[in-house]
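User: I'm new to reading protein models and I'd like to know how the labels get decided. Can you walk me through this one?

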Amino acid sequence: DGALTALAARSGVPVHIELTGLGTLPATVEAVAYYVIAEALTNVTKHAAATRAALRIERAGDVLSIEVTDDGRGGADETRGTGISGIRRRVAALDGTVRLDSPPGGPTTLAVRAPCAQ
């Protein structure tokens, strides 16, 4: 997708993108997905001290999964900014879930699951 390629190109680190079975998404889900990916890649660039990132987006039935992983230092702290909380609010509005795994020393993985029925 051109929008994802553009986000990856603007990232401060190389991003490997994997897309599986997206099809047509409802506009609200597409908008939230774009925001999640943009914010996650911004966080990788600004805070992770990473050398690379991976973006995996997959649709299985009526569930959209987004996973952003980086090889940075880990230790993401949700209390030190609004990026992750903004992601959580937007995903919650879709009745989705957000999981952040960021042990000190890395890697960091942000995993989002959101319903995407038409």
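User: What makes Arg59 count as buried or exposed?

Analyst: Arg59 has a relative accessible area of 16%. The label buried is for values under 20%, so Arg59 is buried. One thing to keep in mind throughout: this is a predicted model.

User: Where does Arg59 sit, and which residues does Arg59 touch?

Analyst: Arg59 is part of strand β2, residues 53–60. Leaving out residues up to four places away in sequence, Arg59 touches Thr20, Gly21, Leu22, Gly23, Thr24, Leu25, Leu64, Cys116 and Gln118. Take Gly23 from that list: Arg59 and Gly23 are 36 residues apart in sequence, yet their C-alpha atoms are 8.0 Å apart in space.

User: And why is Asp1 called exposed?

Analyst: Check the number again. Asp1 has a relative accessible area of 57%, and exposed means over 50%, so Asp1 is exposed. Asp1 lies in the segment before α1, which covers 2–10. From Asp1 to Ile17 there are 16 residues in sequence and 9.8 Å in space, C-alpha to C-alpha.

User: Okay, zooming out. What is the secondary structure of the protein, and in which order do the elements run?

Analyst: There are three helices and five strands. Starting at the N terminus, the order is α-β-α-β-β-α-β-β.

User: What share of the contacts joins residues 24 or more positions apart?

Analyst: Among contacts with a separation of 6 or more, 67% are between residues 24 or more positions apart. The Arg59 and Gly23 pair, 36 residues apart in sequence, is on the contact list of Arg59.

User: What makes Ala49 and Asp95 stand out?

Analyst: Look at phi. Most residues other than glycine have a negative phi. Ala49 has a positive phi of about 55 degrees although it is not a glycine, and Asp95 has a positive phi near 65 degrees. Ala49 is in the loop between α2 (27–47) and β2, while Asp95 is in the loop between α3 (83–92) and β4.

User: Are those two buried or exposed?

Analyst: The cut-off for exposed is over 50%. Ala49 has 55% relative accessibility, so Ala49 counts as exposed. Asp95 has 67%, so Asp95 counts as exposed too.

User: Which peptide bond is cis, and where is Pro107?

Analyst: Gly106 and Pro107 are joined by a cis peptide bond, with omega at about -5 degrees. Most peptide bonds are trans. Pro107 is found in the loop between β4 (97–101) and β5 (108–115).

User: Last one: which residues does UniProt list for a domain?

Analyst: An unreviewed UniProt entry lists residues 28–118 as "domain: Histidine kinase/HSP90-like ATPase". In the model, that span is 33% helix and 32% strand, and its end C-alpha atoms lie 11 Å apart.

How values were computed
Residues are numbered from 1 along each chain as its sequence is written. This is a predicted model: local features need pLDDT of at least 70, side-chain atom pairs count only at pLDDT 80 or more; totals for chains, interfaces and linings use all residues. Side-chain values use heavy atoms; hydrogens and water are left out. Helices (H or I, at least four residues) and strands (E, at least two) are DSSP runs, numbered from the N terminus. Contact means heavy atoms within 4.5 Å. UniProt positions are given in the numbering used here, feature names are shortened, and annotations may be inferred rather than shown by experiment. Buried means under 20% relative accessible area, exposed over 50%, partly exposed in between (1.4 Å probe, protein chains only).
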